[in-house]
Amino acid sequence: MPKLKSTNHDAVRFGAILRRLRMARGWTLIIAAQRCGMNPNYLGSLEKGGNMPSVDTLLEMADVYSVSASDLVREVEEARRAARRERAAAIVANTPPVE
């Protein structure tokens with residue numbers, strides 16, 4: 001799968017989750033990639049937010065990390081909502097009061 005041409009914030013969020021799960025288990029990128037049945041370069045790209053996995057890959061990684069795919073997606077969704085709230089709060093803070 002080709003790398004994303006522009007930054008996809010959900011891909012970055014997802015990658016951070018994957019990295020956290022891998023690091024919590026004390027696995028190197030090579031070990032995690034072997035367990036997931038993928039190339040370490042591809043897993044590294046996922047962790048950096050350079051790609052979004054297919055559903056098949058998402059399901060495989062969830063199985064390897066002993067989490068549910070829905071929990072992975074939910075965590076990305078929650079991070080997305082938190083970022084949206086932060087942006088909205090920043091806009092409100094920088095908006096002059098209406099007279």
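I began with a search of the whole structure for salt bridges, and it turned up six. A reminder to myself: this is a predicted model.

**Entry: around Asp10**

I looked up Asp10 next. Asp10 pairs with Arg13 in a salt bridge, with 2.7 Å between the closest N and O atoms. Both residues sit in helix H1, three residues apart, which is about one turn of the helix. Asp10 also meets Arg80 in a salt bridge, at 2.5 Å from N to O. That pair joins distant parts of the chain, as Asp10 is in helix H1 and Arg80 is in helix H5 (residues 69-93), 70 residues apart. I noted that Asp10, Arg13 and Arg80 are linked in a network of salt bridges.

Are these three buried or exposed? Asp10 is buried at 13% relative accessible area, and Arg13 is buried too, at 18%. Arg80 is partly exposed at 38%.

**Entry: Glu75 and Arg20**

I then checked Glu75, which forms a salt bridge with Arg20; their closest N and O atoms are 2.5 Å apart. Glu75 lies in helix H5 and Arg20 in helix H1, so this pair ties together parts 55 residues apart in sequence. Glu75 is partly exposed at 26%, and Arg20 is partly exposed at 43%.

**Entry: H1 against H3**

Last, I turned to how H1 (residues 9-24) meets H3 (residues 40-47): their axes come within 7 Å and cross at roughly 120 degrees. That makes H1 oblique to H3. On the H1 side I listed Ala11, Gly15, Ala16, Leu18, Arg19 and Arg22, which meet Leu43, Leu46 and Glu47 in H3. The residues of this contact divide into five nonpolar, one polar and three charged.

Note on methods. Residues are numbered from 1 along each chain as its sequence is written. This is a predicted model: local features need pLDDT of at least 70, side-chain atom pairs count only at pLDDT 80 or more; totals for chains, interfaces and linings use all residues. Side-chain values use heavy atoms; hydrogens and water are left out. Axes are lines fitted to C-alpha atoms, for helices over the stretch in contact, and angles run from 0 to 180 degrees between N-to-C directions. Helices (H or I, at least four residues) and strands (E, at least two) are DSSP runs, numbered from the N terminus. Angles under 35 degrees count as roughly parallel, over 145 as roughly antiparallel, 65 to 115 as roughly perpendicular and the rest as oblique. Contact means heavy atoms within 4.5 Å. Ala, Val, Leu, Ile, Met, Phe, Trp, Tyr, Cys and Pro count as nonpolar, Asp, Glu, Lys and Arg as charged, and the others, Gly among them, as polar. A salt bridge is a side-chain nitrogen of Lys or Arg within 4 Å of a carboxyl oxygen of Asp or Glu. Buried means under 20% relative accessible area, exposed over 50%, partly exposed in between (1.4 Å probe, protein chains only).
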